[in-house]
Every structure is written in structure tokens, then in C-alpha cells.
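Here is a short report on one structure. Keep the sequence and coordinates open while reading.

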Amino acid sequence: MTALTILLVLVLLLVVFGLLFRLQILTSIFSGTFTRDIGMSNSVNAILMLVFLVVGGAWFAYSFVENFNKMNPPIASVHGHQMERMFWTTMTVIGIAFLITQTLLFVYSYKYQHKEGRRAYFFAHNNKIEVIWTVIPAIVMAALIFAGWKAWTRITGPAPKNSVVVEVMGKQFNWLVRYPGRDMKLGVVNYRLIDAVNEWGFDLSDKSALDDFTTNEIHVPKGVPVLIKIRSRDVLHAVYMPHFRVQMYAVPGMPTRFWFTPTMSTDEMRAKLGNPKFNYELACNQVCGGSHFAMKATLIVDEPDDYQNWYAAQQSFSEKNPEVMAASKQKAKTLVAPVAAQPEAAETAPAPLAASY
Amino acid sequence: MSDMTPKPNLSPSVEAQGGIGSAPVPATEHDDHLLHDDHHHEHHDQHWLWKYVFSQDHKVIAKQFLITGMIWAILGGTLSSLFRLQLGWPEGSMEWLTPFLGKWIQAGKLNPEFYLALVTMHGTIMVFFVLTAGLSGTFSNFLIPLQVGARDMASGFMNMLSYWFFFLSSIVMFSSLFIETGPAAAGWTIYPPLSALPQAIPGSGAGMTMWLVSMALFIVSQLLGGVNYVTTVINLRTRGMSMSKLPLTIWAFFLTAILGILSFPVLFSAALLLIFDRSFGTSFFLSDIYIAGQALSNQGGSPVLFQHLFWFLGHPEVYIVIMPAMGMVSEVLATNARKPIFGYRAMIGSLIGISLLSFVVWAHHMFVTGMNPFLGSVFMFLTLIIAVPSGVKVFNWLATLWRGNIRFTAAMLFAIGFVSLFISGGLTGIILGNATLDIQMHNTYFVVAHFHLVMGSSAFFGLFAGVYHWFPKMFGRMMDEKLGYIHFWLTFVGVYLVFMPMHYVGIAGFPRRYYAWTGFDAFSQFADLNKFISIAAIIAFLGQFIFIFNFFYSIFRGRRATQNPWNSTTLEWTTPIEPGHGNWPGEIPAVYRWPYDYSKPGSEVDFIPQNVPYSQTHSSNLPYEQDMAE
């Protein structure tokens, strides 16, 4: 029924268009304007060009200023501030180019509209001008490339030695978080060991995995470099934390990483924004399925002391899940059994294939 | 013709045509009598099926591409209206859409997986079916033979196949909309593993298979077309039509076809490998996956490899979309400003520069995929260089308008609109091409705004400019100018209202392909702006029906066109008002001059067509041209 109504409305609309159109032709025949008339509509369009430039420009400027604060949520990482400066410098450069070219485009359109008896200026080429507008943009680009390259190498370079390490693993549709525990070494995980309890696929035959602990929220200390190691266990995901200017894909089979230094604790940010419920959010930014839009994690920036206390208070995965520990011992036994006796084992043997740190 | 005319030298191309000679009608025959006889012959004998459906005439094939493209565009636009409804009113009820969408509306809400299918199909349809086949397919077919002075394409049969492969591909893609598990839903970039695993999203089942099959057929169509375009431009130019006398449209189509020929096969290989991964258990793109309670046996593949293969086509593809528009806009601007295009050679040079660079910038789509950061530096460098030839083009267009005598035809409005949108969208590319800034901007609405302006809307504007400008040649009638003006202003304002605010949302970091932003603190402040964008988008989309109406109405009821309604210099306007098979009833005109002799000092009229020899224009000849005349 609804479909029919809508269809009917559309058909009616077309009929109205049709009638209007016929009328327009008729009136134009009677008023003798049936032949193509450059005069009237040409100057109307020329004026509209100018109006578009002025009104459109004013609307753009207004809405840009109006939304400026919304589009600039506060930044909370060291490299984020550098990126921000580069962003607005680049914006200024392109803003100037935008202003000049758009103004010329619409002003020329208005100014050089058709006038009876005037002739266009036959001006086919000028190599000097071409060279000028090739070289100047090239120089500007060179400067931007250089600045971008310097920052890029610094940001993507190796993390400082004193970095705090946390690993996240994307899965449909949430983020798993683990820390290396007391030994500061992340243990081996293997996707073939994953099950409902052992979501990471901890290989507990690896000593360094024994003290790894998992959490629901990510905690990091303020003012200390943080190295986020990133994995995915099913499809592509991406770790995206706009407040920290951090983004890196989570790729199944290929661990990735990103390091940054938070500059503002969650409490400080809450105070600054006057929003006691504020939390830093980690969003998935690579389409990963139906609930992609809801795949997020919370990241809490603590003062370094609080972080130490929190870290020390965590219980390791193996302690929390003795049954996984037991099963792992059992499994380890079967895995070392002769291959001939266990034809499946060779294929599912985790050890040599597992990515280790 | 004067006796000063160089003797018509039968170039090798003519022999080549004889050699091909496979067309059932001797379309490329140069002999007058034969052609006339043949003409009569055809009209009596040819069944309508061969004349209008399985036609080998480039003009008919062009119209087939155009109309198929228009149907796809309406569909693609409708899909975008649906997901804009969702984004504008995430809490609103969609119950009323149930009659159309059936089970994809659950409890009054759009199914999130279907939302992804909508954006995927919108992207696929618009990029491939509308802006590649509909734009380049239409105008390369229509204009290449007419503007280089050829009877038809080098191979009419291959040309026909090109359309019918596209048609088949369309049928397959269209059918995929109706299957149980829904169409492909992994984004138009179909990144595996999401696109490889039906367990990950239902759209990756039969829908994805059909997507891949359709795309394979589409690539065949593109290659058949592309080989034809290149061959025709190289071999079938009329006497005197040297490469340096080609209109910029032809240069653009020519380079576009080369890009297509070189890059589409790479997408084919990517699709083939993905088919293997999906159906035959290989592991090109899959590794270490645990999904739906099961660890898969795939080992050692790399999802990033797929992205390299995809973007090796994907990036040239955006130039395949935009370059034909650039060519047509250059032509329309020069004609209606009554001025030569400024810097003809610089325009060709920048097209060539863009074409070359377009092959070495693909990884700028992958800065944060975990690719080696060193590669990121290299690709940032190469990417930002593209700004230079693009800038040259913009400055040349502006210089073309300077001191012109502008007639605002509907085509001219769209051409000016194109330049404006190309500037607005192109400039933000300088931000996205910078690897450092891309860390924040990647996959946000900033990217969506950027490419919708620079390749989406711009290419559409080029398409509109082309249709309004060459409609008289296609159908022998004029489109209504006033409706064209209304269409332009509505679309132009609409496009800016949609995509300018989208930048703001993107700068704040709102990710693309999100069914709803409401779950996130940081993104939920743009509710009003999203609603605004949605309203503007839907109105702008509905405005396109003015064009559709104008188009079909004018085919039958438009004012009759004159032979050269825009006083243009290029060869297509020397054909009869409605050129028949073979384009020129008599001999193909020879070419003596470049295509932009507008408002030449000393000339009585403000345009001198390409087929007018210098010996007839002594009063306006430049010194070196005078030498040629004597």
C-alpha cells in the first residue's frame, strides 16, 4: 500500500513537471523567445555565479566557525599536538589556494559573461606563466612533503625502550586486551588454541604467558610512552583513538604496532571538558561486519602511580583459569606424541607456527 | 576545397581498416558511392534488433552505455538516500520501508548488515557502473570516432561485445541485490578476510560470489572497450589529424583507455585469487583466523597483499573516472568561453603526468595498514606530486575563462561547477596524501567528503556537461536550457551542502561505514549536522529527476537541433544533424588546424572549424600558419 502511494506521488510529480514544461514552451513561443536567447538567462546565470561565491562563501565561513570546536576535540598525546599543528598549517595553505582559485573562477564567470559585440581575447598559451604555476606549487608541495616525512618517520619509528606495553586483539565485535604481567614479556598465543574461555589462545606451555593478564579496559600511564601491539583473530579491524591521533590496522596473521605518549589523564580530561562521564574511546575503524559501528573499547589514562598500583593488583589469566592451565598441560602431552600415532597433530601443532615475541 | 590542400594521403590506417574488415557493414569504407549504396541497403535490410539492440554502431552503443548508466545512477542514488536516512535519523522508525526492503527492516530498524550492503553497492555501482562504464563508456564511444574523423570504432564487433559484457555484468550485480543472504557487504574495496568468509558477514556468501563474477565480466567489457579506443585513436584519425591536433577530449579518453588496459587486469588477478581463497581453500589473503567458533586451516596469506593488488587498480581507477570528465570540461569551457583552451600542450602534458603518476601512488590508501613505514614515505612523496599537474589544469581552466565571452549553456554551468568541485575536493587530497595527517584522517568522513567532491561529484558534473553539450549530436534535438539551469543550481548547491559539512564530521574523527554514531561519546555531537547532510543529500538526489525528465522528454519533444548549435570547431559538428552509420555521408573531412581556433583575431566568425584550411582564412592566419597556407 505504502509502495503504491509513493509510486502514485512520483507519477503525479512527473505529470506536474510535464505540464509545467509544456506551458513553458508555449509561453516562450508566444513571447517570441523560442530561438536561443543569450541575453537574459545568460546574465541571470552570471549574477548567480557571483551570488553563489558570496553567499556560499559566507555560509561556509559561518558554518566552519560554528562547528570549529566540535570538530576539534581536545588532543591528549605528544605527537597528536605536532600533527595538529601540521594539519592546520596545511589547512591554511590549501585554504589560501581555495580562496584564490574559487574567487577567480566565479569572478571571471561573472565578469566575462557574454556581451554583444565583444570578442574573447585570443590567448592560447604562455610558457612563462605555465612555468610559474608549475614551480610555485611544486615548491610548496616539497615543503609539505618534507615536514610530513620528518614527522612520519618519527611517529612510526621504534618505540622508546622504557615504553609500557599493552596488546589488543580485535575480534567480531569487541577488543581483547592483555598485559605482559610481572615479567614484562608477552607470552606466546596461538589462534588454534582459542576457545570460549581462552579467547586469546594463550599457549600456557610458554613460561612467559603464565603471568599475562587480560582486562576489559585499557589502562595506560600518563606521560610515559605506550606501545600498543595489535592483532586480529578474524577479519581486518583498526585501532582508532582520535584523541591520541592513533590509528593502525589489526591484521590477522600480521601483528602491527603503534606507540604514543598520553599527555592528559582521564580525570584531567573530565575536568577540562566538565563532563564527569568522559572516557577515551578506542573505535574500530575498518569495516568488520554488522556490528562494526559498536565495536569499541575504553582506554583510561592513569597517573603513573595509580597505574603501577592497578597493574600490580591484576591477577594473571592462568591463575584465574586453572582449567585452561590443566587442559594446556594435557594438550602439550598429546602434541609431543609421535606424529604417526596422531596424524592430525602435525597439522594442528601450534608451536612452530605461532607468532612469538 | 582549395588546391592548396595537401593531397589526401591514404594513411596506413586506411589499409589497416581494410585489413580488419570484419564488420558486416563496411562502416570504415572510404569510398563515397559504396557508402551511399550501402546506406540504402542497410535501412531496408537491417532488422531493428541489429540496429538498436545488437548494434555495432558506436553511436548506438554509446547511447546504450548512457542509458544503462543512468538506470544504475538512479539505483545508486536511491541506495545512498536509504543509508542517509539511517545516518540522519538513527533512532527513527523505518517501518514504512518494509514493503520495499522486506526482511532487511527488523522491528522498524534497518538491519546493520544490510546497511553495509547498501554502502558497498552504492560504491560499486557509482564507481564502476556509472562513472566508469556510464561516463567513459558513453563518451569514449560517442566522441572518439566523431572527433578523430572515423567512420566507426576500429572493431565494431568488439565494441558491441564490450557493451554486452557490461550488460551481463550489470545483470549479475543487479540480481545479487535480491538473493537471500543479501548483496556483497564488505565495502566496495572488498577487503578480505571479511569478503572471503561468509561466517564473517552474510553478504560474503553468494552475494560476494556474484560481485566477483560481475566484476570479472565488467573487466572484460572494459578491456574490449579500451583496446578499441586506443586502436581507433592511433589508427583511424582522418587526414591531417595529427596527435597535436586532437581535441583534449580525445587525449583524455585515449589516456584513460590506456590506464584501464594496464590496471584492470590487476583487479582481475585480485578477484581471481579471492575466488580461489573463497572456493578452493587457498590462502593468498588468509592467515591465522579463528571465526565462528572454529580455527581455519589457512596459513601464510596476507590481507595486505590484497589491498596492494586492489589499489593498483583502485587508484588509477579514480583517474579513469575523472580524466574523461576533465577532457570534456576542457572542450566545453573553450567552446562556451569562445576562447582557445589555455595551454593546450600543458593540458596534454599534465594529463600524461597524471596518468604516469597514477600508477605509483596506490599505497597512499594503506598508510596505516601495517605496511612498512618506509613505503609510506615514498608513497607520500609521489602522491603529493600529483597536486602539481592537477594544479596546472585548474590554472589553465581559469586562464581559459579569463577575458572570454562566456555563454552560460547548461553544459557550461556544469563545466564551471566541475572546476569548482575539483578544486574543493582536490585540495583536501593534500591532507590525506600526507602520511602523518592520514593517521588521523584515514577512513573518516573527511575521506568520504574528499573523494565524493573530487571524483564523485566532479565526474558527475563532467558527465552532465557532456550530456547537455552533445545531446544535440546524439538525438538531433536540444535539451531544455531552463530546466538545465534549475538542475545545475540545485545540484551544485546541494553537493556543497552535503559534502562541506561532512569534512567537519571527519575532522572530528567520525569513522565511515558506521551504521550509527550514537554509541560513541566523541561522535555523537554531530546529530544535527548529520540530519542536515541527509536532508540536503535527498533533495539533491531528487533534483536529478529534473535531468532524467528533461533527457527523455527532449529525446522525443526537444527543439530540433541545428547542425552546429554551439558554434564549435570540432569535427563531430560537421556531420549531418543526425549522423547515420558511417557518420559522414560523403568523404570524411580532412583536418588542417587545432581544435581551438575561437575568436581568432582577423576572422569574421568567432570560430574556425578544424576542417577549414588555412588557405581560406588568410585574414586570421598567424605568420607560421600563413606559411602553411602557401
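## Overall make-up

This is a predicted model. Chain A contains nine helices and 10 strands. Of its 357 residues, 35% are buried. Take the contacts in chain A with a separation of 6 or more: 69% of them come from residues 24 or more positions apart.

## Two annotated spans

## Helix 4

Helix 4 of chain A has 30 residues. From first C-alpha to last it reaches 42 Å, close to the 44 Å expected at 1.5 Å a residue.

Which residues of helix 4 of chain A are buried? They are A:Glu130, A:Pro137, A:Met141, A:Leu144, A:Ile145, A:Gly148, A:Ala151, A:Trp152, A:Ile155 and A:Thr156. An α-helix has 3.6 residues a turn, so residues three or four places apart point the same way. The cover over the buried residues of helix 4 comes from both chains. It includes helix 3 of chain A. From chain B it includes helix 11 (344-357), helix 12 (373-385), helix 13 (387-401), helix 14 (410-432) and helix 15 (435-441).

## The side facing chain B

In the interface, 95 residues of chain A are in contact with 108 residues of chain B. Several elements of chain A each supply at least two residues to this side: helix 1 (2-30), helix 2 (39-66), helix 3 (78-111), helix 4 (127-156), strand 6, strand 7 and strand 9. Helix 4 of chain A gives the largest share, 15 residues. By class, the side of chain A that touches chain B has 54 nonpolar, 30 polar and 11 charged residues.

## The five-stranded sheet

Five strands of chain A form an open sheet in the order 4-10-9-6-7, with mixed pairing. Strand 4 (218-221) and strand 7 (246-250) are the edges, each pairing on one side only. From one strand to the next, the twist averages 25°.

Inside this order, strand 6 (residues 237-241) and strand 9 (residues 280-284) of chain A run antiparallel, joined by two bridges. A:Val239 stands opposite A:Cys284 of strand 9. Helix 6 (residues 304-313) of chain A packs on the sheet and touches strand 4 and strand 10 (296-302). The direction of helix 6 makes about 135° with that of strand 4.

Is strand 5 (residues 226-232) of chain A mostly covered or mostly exposed? Mostly covered: six of its seven residues are buried.

Strand 5 of chain A pairs with strand 1 (residues 164-171) in the parallel sense, over seven bridges. In that pairing, A:Val164 stands opposite A:Val226 of strand 5. With strand 8 (residues 256-260) of chain A, strand 5 pairs in the antiparallel sense over five bridges. There, A:Thr256 in strand 8 is the bridge partner of A:Ile230.

Definitions and conventions. Residues numbered from 1 in each chain as written. Chains lettered and ligands numbered in written order. Predicted model: local features only at pLDDT ≥ 70, side-chain atom pairs only at ≥ 80, totals over all residues. Pairing = 2+ DSSP bridges. Helix = DSSP H or I, 4+ residues; strand = E, 2+ residues; numbered from the N terminus. Axes fitted to C-alpha atoms, helices over the stretch in contact; angles between N-to-C directions. Contact = placed C-beta atoms within 7 Å. Nonpolar A, V, L, I, M, F, W, Y, C, P; charged D, E, K, R; others polar. Expected span 1.5 Å × (residues − 1). Buried ≥ 20, exposed ≤ 12 C-beta atoms within 10 Å, placed from the backbone.
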